[in-house]
Amino acid sequence: MEPEIRVRIAEDLLMFLPAARRGPVSRAPWDGTSTLGHIVESLGVPLPEVGRMTVRGEPAEPSARPAAGDEVRVEPVTRPQPVPLDPGQDAPRFLLDVHLGTLARRMRLLGLDTAYHNDMDDPALVVQANAERRVLLTQDRGLLRRRALWFGAYVRGSRPDGQLRDLLDRFAPVLSPWTRCTACNGLLVPVGKEEVERDLEAGTRRSYDVYGRCAGCGQVYWRGAHGDHLERIVEEATRQVETARAGTARSRAAVSDG
């Protein structure tokens, strides 16, 4: 029998394995040189999705080299997942790949600094994410395996509602709704009605009095016919983040008391 390593992968990560191999234990061949990180990724799980790993019950880094017959356990990242922030920064910055345009607009609605391009290839995405210290969000597992990427995350869900819930559950970022342009990510500044009247339809001028303008692209915003729908998105997102942050605070308090 060829030497092997037994790998127990947490249920939340089984989605990354081929359907035929989604049992409680996977077996990986042992070659004497492969690192733990290489073994886990060879099974299909991108390392940015991996949290705590153990070998024979002891914590292990991706650079560790298991021995033949070892049992490895692989857990998902802890949620909410902390992201290194620059001084004065209160929420992570994000960069989304070409397939997540609707999610990008919803994140901007919530005031999250969200870069998005519909024509950027994988190497360029990694360069921008690293240069601007943005968390790269994608559903491309190969993109997450790029060693040069400083911080990436797989977005779960096939529809924007589920994708947004997953993003908020994973990072619980500080939100600043209604402060960014959903088209270009620029900051919105209040403007008087008289400043934008020439850009408005007659019906809009009659119906609304409060306006904002994007400091980047100049687009004018007001609470229009879709305002109620957008308000529901904002309210649900705010509740979700508050719940996640409250749970984290309770957990820290319990650890402190213990």
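User: At roughly what angle do the axes of helix H2 and helix H5 cross, and is H2 parallel or oblique to H5?
Analyst: In this predicted model, helix H2 covers residues 101-109 and helix H5 covers residues 160-171, and their axes come within 9 Å of each other. The axes cross at roughly 55°. Angles under 35 degrees would count as roughly parallel and those of 65 to 115 as roughly perpendicular, so the relation of H2 to H5 is oblique.

User: What is the handedness of the crossing of H2 and H5?
Analyst: Two packed helices are described by the angle between their axes and the distance between the axes. For H2 and H5 that distance comes within 9 Å and the angle is roughly 55°. In its handedness, the crossing of H2 and H5 is right-handed.

User: Which residues in H2 meet H5, and how many residues of each class does the contact have?
Analyst: On the H5 side, the residues in contact are Pro 160, Asp 161, Gln 163, Leu 164 and Leu 167, and they meet Thr 102, Leu 103, Arg 106 and Met 107 in H2. Sorted by class, the contact of H2 with H5 has two polar residues, two charged residues and, as the remaining class, nonpolar residues numbering five.

User: How many of the nine residues of H2 are buried, and which are they?
Analyst: A residue counts as buried when its relative accessible area is under 20%. Seven of the nine residues of H2 fall into that class, so the helix is largely enclosed by the rest of the structure. The buried residues are Gly 101, Leu 103, Ala 104, Arg 106, Met 107, Arg 108 and Leu 109.

User: Which strands do the buried residues of H1 pack against?
Analyst: Helix H1 spans residues 36-43, and six of its eight residues are buried, so H1 is largely enclosed by the rest of the structure. The buried residues are Leu 36, Gly 37, Ile 39, Val 40, Glu 41 and Leu 43. Their packing partners are strand S1 (4-9), strand S2 (25-29), strand S3 (50-55) and strand S5 (71-76).

User: Is Ser 26 buried or exposed, and which residues is it in contact with?
Analyst: Ser 26 has its place in strand S2, and at 4% relative accessibility it counts as buried. Leaving aside neighbours within four places in sequence, Ser 26 is in contact with Ile 5, Arg 6, Val 7, Leu 17, Arg 21 and Leu 43.

User: Which residues does Ala 67 touch, and how far apart in space are Ala 67 and Gln 163?
Analyst: Ala 67 is placed in the loop between strand S4 (58-59) and S5, and its 34% relative accessibility makes it partly exposed. Not counting residues up to four places away in sequence, Ala 67 touches Ile 5 and Trp 30. Gln 163 lies 96 residues from Ala 67 in sequence, and the C-alpha to C-alpha distance in space is 38 Å.

User: Which two residues does a cis peptide bond join, and what is omega there?
Analyst: Pro 80 is found in the loop between S5 and S6. The cis peptide bond joins Arg 79 and Pro 80, with an omega of about -10°.

User: Which residues is Gln 81 in contact with, beyond its neighbours within four places in sequence?
Analyst: Gln 81 also has its place in the loop between S5 and strand S6 (93-96). With a relative accessible area of 14%, Gln 81 is buried. Its contacts beyond those neighbours are Phe 151, Arg 170 and Phe 171.

User: What percentage of the residues in the protein chain is buried?
Analyst: The secondary structure of the protein chain comes to eight helices and twelve strands, and its C-alpha trace spans about 80 × 50 × 35 Å along the principal axes. Of the 258 residues in the protein chain, the buried share is 40%.

Conventions
Residues numbered from 1 in each chain as written. Predicted model: local features only at pLDDT ≥ 70, side-chain atom pairs only at ≥ 80, totals over all residues. Heavy atoms only, no water. Axes fitted to C-alpha atoms, helices over the stretch in contact; angles between N-to-C directions. Helix = DSSP H or I, 4+ residues; strand = E, 2+ residues; numbered from the N terminus. Parallel < 35°, antiparallel > 145°, perpendicular 65-115°, else oblique. Left-handed = near helix turned anticlockwise from the far one by under 90°. Contact = heavy atoms within 4.5 Å. Nonpolar A, V, L, I, M, F, W, Y, C, P; charged D, E, K, R; others polar. Buried < 20%, exposed > 50% of the residue type's maximum accessible area, 1.4 Å probe, protein only.
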